[in-house]
Amino acid sequence: MATNAAGRKPETRLALVRRARKMNRILADTYPEAHCELDFGNPLELLVATILSAQCTDKRVNMVTPILFAKYPTVEDYAAADRSEMEEIIRSTGFFRAKTNSIIGMAQAVCEKYGGEVPGKLKDLVTLPGVGRKTANVVLGNAFDVPGLTVDTHFQRLVRRFGWTEETDPVKIEHVVGELLPKREWTIFSHRVIWHGRRICHARRPACGVCPLAALCPSYGTGPTAAAEAEKLVRSGPFS
């Protein structure tokens with residue numbers, strides 16, 4: 001039996017799967033344009049951009065990366081980069097010293113272990129400095145067309161609100177959600193959920209009154225249910 005809101009009957013596994021897939025279809029209709037909001041032209045650029053996106057908005061990253069990508073067009077360029085110069089370029093993304101360490105370390109590892117090519121397997125990507133499962137799945141799904149679930153803070157919040165899981169560990173959440181949806185849907189579903197979390201299902205005051213998932217969501221009522229009030233909470237991109 002799956003988790004459900006107080007006062008509701010326990011949900012069978014079959015009912016949960018059906019509900020999850022219906023919610024995914026509704027999100028697909030709601031956000032047909034959903035995509036990765038980081039600008040990139042190849043796997044290396046996406047990997048760098050995703051490292052920069054930690055604790056930073058995609059909008060800010062996209063303002064910085066044209067300069068960064070132009071100065072460091074190859075992985076060898078990143079590996080040999082002057083630390084102070086890179087720090088200055090990415091300073092506005094926050095935690096710039098740690099991110100510089102990660103980017104240079106990642107590039108050196110790619111050169112030393114993978115012949116200068118960003119690897120296309122999860123087990124290899126997660127060995128790189130600054131690259132965890134979330135970052136690896138972003139790169140795999142969007143640069144290599146390998147299905148993956150991007151379990152960021154929006155994703156974690158929403159799938160718990162949806163009543164799909166009570167897990168708080170990102171890896172466990174990834175496995176639970178992966179069992180509910182077809183593998184081919186993982187990457188695009190991640191985008192849909194993240195878009196929904198940024199636009200409607202906010203952390204503090206979700207716009208429940210205009211949410212297309214309201215009838216299927218056990219957390220309906222967490223935010224304002226009156227359409228006029230909820231409409232004021234809806235946001236448009238680009239986002240964090």
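A salt bridge here is a side-chain nitrogen of Lys or Arg within 4 Å of a carboxyl oxygen of Asp or Glu. The views below come from a predicted model, in which local features need pLDDT of at least 70, side-chain atom pairs count only at pLDDT 80 or more, and totals for chains, interfaces and linings use all residues. Residues are numbered from 1 along each chain as its sequence is written, and side-chain values use heavy atoms, with hydrogens and water left out.

**View 1. Glu-174 and Arg-133 at the boundary of domain 1 and domain 2.**
The side chains of Glu-174 and Arg-133 meet in a salt bridge, 2.7 Å from N to O. Two salt bridges are counted between domain 1 and domain 2. Domain 1 covers 13-34 + 149-232, and domain 2 covers 43-144. These bounds come from an automatic or database domain assignment. The C-alpha centres of the two domains lie 28 Å apart. Contact (heavy atoms within 4.5 Å) involves 10 residues of domain 1 and seven residues of domain 2. The domains bury about 640 Å² between them, 44% of it on carbon and sulfur atoms. In domain 1, Thr-150, Glu-174 and Thr-187 lose the most area to domain 2, together 48% of what that side buries. Buried area is the accessible area (1.4 Å probe) that two parts lose on being put together, summed over both.

**View 2. Glu-37 in a network of salt bridges.**
Salt bridges link Glu-37, Asp-58, Arg-198 and Arg-199 in a network. Glu-37 pairs with Arg-198, the closest N and O atoms being 2.7 Å apart. This pair links distant parts of the chain: Glu-37 is in the loop between α1 and α2, Arg-198 in helix α11, 161 residues apart. Helices (H or I, at least four residues) and strands (E, at least two) are DSSP runs, numbered from the N terminus. Glu-37 and Arg-198 are both buried. Buried means under 20% relative accessible area, exposed over 50%, partly exposed in between (1.4 Å probe, protein chains only). Arg-199 also forms a salt bridge with Glu-37, with the closest N and O atoms 3.3 Å apart. Arg-199 lies in helix α11 and Glu-37 in the loop between α1 and α2, so the pair ties together parts that are 162 residues apart in sequence. Arg-199 is buried, with a relative accessible area of 10%. Glu-37 counts as buried because its relative accessibility is 13%.

**View 3. Tyr-31, Trp-195 and Arg-199.**
The whole structure holds five aromatic pairs. Tyr-31 and Trp-195 form an edge-to-face pair, 6.4 Å centre to centre, with 65° between the planes. Tyr-31 lies in the loop between α1 (13-30) and α2 (43-52) and Trp-195 in helix α11 (residues 186-199), so the pair ties together parts that are 164 residues apart in sequence. Both Tyr-31 and Trp-195 are buried. Rings of Phe, Tyr and Trp (its six-membered ring) pair if their centres lie within 6.5 Å; planes under 30 degrees apart count as stacked, over 60 as edge-to-face and the rest as tilted. Arg-199 lies over the face of Trp-195, at 3.8 Å from the ring centre. A charge sits over a ring if NZ of Lys or CZ of Arg is within 6 Å of the ring centre and within 35 degrees of the ring normal.

**View 4. The aromatic cluster around Phe-162 and Trp-164.**
Ring pairs join Phe-155, Phe-162, Trp-164 and Phe-189 into a cluster. Within it, Phe-162 and Trp-164 form a tilted pair, 5.4 Å centre to centre and with 55° between the planes. Phe-162 is buried, and Trp-164 is buried too.

**View 5. Arg-13 and Glu-179.**
The whole structure contains 11 salt bridges. One of them joins Arg-13 to Glu-179, the closest N and O atoms being 3.8 Å apart. Arg-13 is in helix α1 and Glu-179 in the loop between α10 (170-178) and α11, 166 residues apart. Arg-13 counts as partly exposed because its relative accessibility is 42%. Glu-179 counts as exposed, at 56% relative accessibility.

Most residues other than glycine have a negative phi. Phi of Gln-55 is near 55°, a positive value. Gln-55 sits in the loop between α2 and α3 (58-71). At 68% relative accessibility, Gln-55 is exposed. Phi of Phe-95 is positive too, near 50°. Phe-95 lies in the loop between α5 (83-90) and α6 (96-114). At 57% relative accessibility, Phe-95 counts as exposed.
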